[in-house]
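Me: I have a structure to go through for class. Can you take my questions one at a time?

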Amino acid sequence: MADQLQDVIQRWRKAVVEDGLRPEDHELFQNAGLAYINQGDTTQLLDFIQDEKNQGIVESMGCGLLASLVAEVLKRKKSSSTCKAVITHLAETCSPMELMLIFLGQVDDLHPDLIADTIVLMAPHLQTVLLRLGEEKAPWVGLALAALQKQVSRLPVPYTKEQEVEDAYGLCRCCSALARFMEPFVEEVKRRDNSEDGGTASDNQLKTELLKFCMGSLREPLLQAQLDQAIDIHKQSPLWHFATDILAILPAIQEPLPGLLFYKALKKREESGLLTDSTKAQESRACLAYLLFVQLITIESFPAVFSPVFVLQCNMEYIDLLLSRKEESFLLKGLELYTKSLERVEDNSLPVELLDLKSFYSVPQHLVQILTVCPIQHLREQGFKVLQLFIDKLGPEAKHKFFRCMIKTSCHAGVEGYIIKNIKNQIELSLKPGHENEWFMGIQVLPLLRLVLCFPRGPETDLLNSMDRVMESLNLLRYLHMRDMDWQQTSSIWPELFKIKEDYLKMLRVCLALSRAYYAGQVKNMREDKKIQAQEAREARVALVQTMTVKNKMVSDMTPEMQYQVLQCALVTFDLMESLVIRIEEISEEKVKTGTAV
Amino acid sequence: APHTEGAATASGNNRAAFHWRPIHLVKQEGTGTELPMTGDKVFVHYVGTLLDGTPFDSSRERGEKFSFELGKGQVIKAWDLGVATMKVGEISQLICKPEYAYGTAGSPPKIPPNATLVFQVELFEFRGEDITEGEDGGIIRRIITKGEGYTKPNEGAAVEVCLEGSCEGKVFDKRELKFELGDGESLGLPSGVEKALMAMEQGEESLFIIKPKYGYGNTGNSKYNIPGEATLQYKLKLTTFEKAKESWEMNSAEKLEQSIIVKEKGTQYFKEGKYRQASVQYKRIVSWLENESSLPEGEEQKAQALRLAAHLNLAMCFLKLQEPSSTFDNCDKALELDDTNEKALFRRGEALFAMKEFDRARADFQRVIQLYPSNKAAKSQVALCQKQIKEQHEKDKRLYANMFQKFAERDAKSKHLKTRHGIVNKPPTIPYMVAACRCC
């Protein structure tokens with residue numbers, strides 16, 4: 001057999017130079033090669049391929065073996081070094097175009113379990129081939145990056161640091177491989193830019209392809225990754241490293257970050273169809289903003305002269321996008337970016353006109369959603385902090401408008417209560433010498449108080465549900481009464497305020513009477529139910545059968561005990577409200593007696 | 001060499017304000033004669049240091065000039081004030097008190113709170129701001145008086161404008177107008193003027209230089225006696241514009257109420273053939289109701305119905321305006337609300353057809369037929385798709401055949417081999433081939 005093969009090889013060597021190889025030869029070559037591979041006898045194959053005299057044959061026919069070789073390496077992870085050597089040799093000798101087609105075929109539609117191994121194996125070879133393509137490489141680099149990225153984006157992103165270290169699905173390994181893959185191309189762009197003749201069409205295309213890849217990577221996987229700020233962990237965090245690599249590439253390929261983030265430099269290219277989906281591009285930029293302003297990656301080379309308000313205004317678009325999602329990684333990034341962007345702004349400085357911008361409207365709306373319906377506690381906590389921070393940064397007129405709008409649109413007693421508390425704080429601040437401002441003391445405060453001190457649903461108001469709002473409102477009223485001395489100069493608003501107060505308290509009394517009657521009835525029913533239940537339980541024990549009856553009158557997932565407690569609590573709350581009402585009236589009577597009230 | 005070192009001049013004309021304005025030391029006089037105007041794009045190099053000399057930022061180190069739009073609050077106050085007084089070629093030192101820089105908050109990690117900053121700034125160039133989307137230089141703005149606020153009129157907004165159009169020094173159009181953006185054409189305004197207005201703030205007065213592409217094109221305008229390929233100058237003052245009532249100020253009930261009114265308005269525009277204006281109205285419905293989560297039962301359905309109608313109508317408007325990708329998006333949104341909606345499926349099919357995605361178009365029309373067997377229009381559309389697909393297929397075949405040929409030839413040349421039979425294990429799939437075409 002060996003002799004036979006030698007003969008064939010001799011003939012091939014001649015054929016390569018003379019009349020060309022026939023299709024049968026290709027078949028024969030492939031079969032012979034496969035036989036070696038399948039027998040695990042790759043050393044011989046390597047010898048053959050490396051033999052100087054066989055170079056013509058390898059150049060013409062070697063490609064055919066690649067698919068099998070790659071499969072072999074992936075199958076038996078050990079003892080494949082010769083296989084790898086063969087692949088390396090083929091990548092260096094065969095026709096680059098043909099190799100590209102085969103390689104791209106190889107990384108298409110991979111089995112999920114094979115993605116990481118294949119990419120780690122193929123990336124260096126792809127790189128070799130691309131570099132051999134010389135001037136024509138740019139479109140191929142684009143294809144290769146797109147193909148690799150498509151596969152990598154199928155891998156699950158680690159959720160915890162432990163998962164990231166374990167890297168069970170190989171995403172982190174892939175990212176490192178991709179970063180290494182990019183290096184020579186980035187270097188080339190850099191080199192060209194520095195040289196005199198830089199900027200040919202092919203260079204520009206290479207830049208565009210690299211940019212596309214960077215933007216894609218920011219969206220997937222980095223936007224989904226948990227990149228928090230524990231610094232010592234960063235040293236081992238491969239995804240954080242990947243983020244650093246990507247952010248270093250952008251300026252290197254002449255994409256200054258201010259342009260990308262603030263001036264929408266991508267617009268032009270988006271129009272030409274390269275990044276057709278503008279939401280996707282926007283998501284990439286959102287991640288970029290997060291990495292830059294929250295993780296401070298490459299912040300040292302970011303211009304420090306932008307005004308904080310401008311940065312906030314630009315970032316608000318990204319915050320809006322991030323907070324409109326439901327995934328934890330998006331929300332967390334959005335909240336952190338929001339916090340960091342606000343921290344740099346001076347207190348009481350944001351002008352009211354900013355609130356006309358769509359993002360400044362929708363971000364607080366998203367925030368309310370997070371505060372009221374998001375099941376993840378740490379997000380809700382962070383949401384509260386950032387809401388307060390935002391309020392603190394607003395100028396007086398902006399605060400006024402913001403409070404008004406929140407009361408009107410939030411539809412949640414908890415949020416409303418929180419806003420009312422803020423209103424009280426602002427009034428309190430306004431009464432301090434040196435802090436007076438018209439928005440929270442004079443005539444301007446009336447529309448705000450009118451919005452706050454009312455019951456939009458009239459006597460049907462469920463006081464238990466709107467408890468937070470009512471309590472804060474009463475608190476505010478009490479405060480206003482206690483400080484009415486300080487209001488002398490603005491006493492023109494007192495008659496009106498007095499009327500608002502009277503109407504409010506009148507309605508509250510009606511609501512209280514109705515609610516109390518209703519809940520007291522509920523408690524009574526509950527007690528009776530309890531008796532019956534106890535009875536049932538006793539009987540059940542006797543019968544050795546555990547039965548559970550849940551009467552869902554109010555809230556379905558509460559046990560009867562909890563329901564009972566809630567009802568009791570409601571009654572206590574009503575008492576509390578009532579005593580506050582009485583206290584407010586006492587204060588105003590005292591004032592009348594002492595003649596200080598108007 | 002700096003020949004005026006130490007010669008302190010207060011920025012602006014107000015010497016009395018010297019002590020609190022940023023201090024401005026001219027190190028090297030500029031060569032230019034003009035000062036940059038508000039809104040101009042300026043290009044500078046700068047080195048920033050703290051008072052103790054610690055550098056914190058340098059564009060020179062980054063190796064690229066820093067650019068920003070002057071006077072718009074994009075940079076710290078000291079810069080907006082300081083650079084506005086510089087001439088091209090000038091090198092100046094700006095010493096900025098914290099209230100003109102980063103104030104009490106500082107800018108972590110580089111700038112501590114309450115820091116006085118020192119910048120050495122060199123102005124290289126400034127030019128009018130290009131307001132076109134593609135930055136093709138077609139509409140350049142020079143702001144004469146800056147406007148107020150942050151919002152700009154949207155399409156469809158009612159605006160009040162003073163305008164003065166001139167061409168080669170001669171004024172050809174001088175009017176005070178009140179109209180809705182989108183209606184400009186019927187008033188004899190070139191598209192550039194409407195684009196310009198959409199970039200303006202309330203009260204702003206600016207000069208716009210408009211290239212023929214956004215002016216009267218290569219035909220010119222006979223009424224105003226303007227030749228083809230003429231560059232126009234417009235001085236515009238946006239006196240006021242109507243801000244649509246913000247969703248901020250509306251609660252759910254008001255939003256629903258307004259949506260119904262706006263829908264009627266849209267339909268009216270649509271009937272008049274004003275598709276752009278109609279689309280603006282429908283978009284407002286979407287923006288109001290899209291994220292409205294606090295609607296009570298019953299109202300929720302009303303809102304859904306309104307949104308569905310808005311998306312369907314938007315899809316129709318964009319078909320008329322020949323913007324199929326917008327039609328596609330709106331149909332998708334409509335189908336999210338009602339996944340068997342006949343109109344949505346049909347219009348998406350039409351959009352895909354216009355985008356030359358005949359396979360997907362056919363799938364949509366087939367779905368329509370499957371759900372609504374009586375829809376005859378869909379049937380004829382399917383036939384049309386078939387025909388196009390077939391033609392496309394023929395074309396592709398020829399194209400790919402050529403391409404293989406080309407590859408083979410080139411490889412053969414570069415390898416200096418007498419003959420070659422390229423073997424490709426797997427037939428290459430289409431995306432690779434299409435892109436490969438770009439390189440040959």
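Me: Which residues of chain B does the UniProt annotation "domain: PPIase FKBP-type" cover?
Reply: According to UniProt, in an unreviewed entry, that domain covers residues 39-127 and 156-242 of chain B. UniProt positions are given in the numbering used here, feature names are shortened, and annotations may be inferred rather than shown by experiment. This is a predicted model, in which local features need pLDDT of at least 70 and side-chain atom pairs count only at pLDDT 80 or more, while totals for chains, interfaces and linings use all residues. Residues are numbered from 1 along each chain as its sequence is written, chains are lettered from A and ligands numbered from 1 in the order in which they are written, and side-chain values use heavy atoms, with hydrogens and water left out.

Me: How much helix and strand is in residues 39-127 of chain B?
Reply: That span is 12% helix and 39% strand, with its end C-alpha atoms 9 Å apart. Helices (H or I, at least four residues) and strands (E, at least two) are DSSP runs, numbered from the N terminus.

Me: And residues 156-242 of chain B?
Reply: Those are 8% helix and 43% strand, and the end C-alpha atoms lie 10 Å apart.

Me: New topic. How many salt bridges are there over all chains?
Reply: A search of the whole structure finds 44. A salt bridge here is a side-chain nitrogen of Lys or Arg within 4 Å of a carboxyl oxygen of Asp or Glu.

Me: Which residue forms a salt bridge with B:Glu204?
Reply: The partner is B:Arg141, with the closest N and O atoms 2.8 Å apart. B:Glu204 sits in the loop between α3 (191-197) and β12 (205-210) of chain B and B:Arg141 in strand β9 of chain B, so the pair ties together parts that are 63 residues apart in sequence.

Me: Are B:Glu204 and B:Arg141 buried or exposed?
Reply: Both B:Glu204 and B:Arg141 are buried. Buried means under 20% relative accessible area, exposed over 50%, and partly exposed in between (1.4 Å probe, protein chains only).

Me: What about chain A: which residue meets A:Glu496 in a salt bridge?
Reply: A:Arg450 does, at 3.2 Å from N to O. A:Glu496 belongs to helix α26 (residues 494-543) of chain A and A:Arg450 to helix α24 (residues 445-452) of chain A, so the pair ties together parts that are 46 residues apart in sequence. A:Glu496 is partly exposed at 28% relative accessible area, and A:Arg450 is partly exposed at 41%.

Me: Back to chain B. What does B:Lys333 pair with?
Reply: The side chain of B:Lys333 meets that of B:Glu290 in a salt bridge of 3.9 Å, N to O. The pair links distant parts of the chain, 43 residues apart: B:Lys333 is in helix α7 (residues 324-337) of chain B, and B:Glu290 is in the loop between α5 (275-289) and α6 (299-320) of chain B. B:Lys333 is partly exposed at 34%, as is B:Glu290 at 32%.

Me: Where is A:Leu45, and is that residue buried or exposed?
Reply: A:Leu45 lies in helix α3 (residues 42-50) of chain A. Its relative accessibility is 3%, so A:Leu45 counts as buried.

Me: How many residues of helix α7 of chain A are buried?
Reply: Eleven of its eleven residues, 96-106, are buried, so the helix is mostly covered. Among them are A:Glu98, A:Phe103 and A:Gln106.

Me: Which peptide bond is cis?
Reply: The bond from A:Glu220 to A:Pro221 is cis, with omega near 10°. A:Pro221 is found in helix α12 (residues 201-222) of chain A.

Me: Last one. What is the phi of B:Asn114?
Reply: B:Asn114 has a positive phi of about 55°, although it is not a glycine. B:Asn114 is in the loop between β6 (91-96) and β7 (117-127) of chain B and is partly exposed at 48% relative accessibility. B:Glu168, also not a glycine, has a positive phi of about 50°. B:Glu168 is in the loop between β10 and β11 (170-180) of chain B and counts as exposed at 74%.
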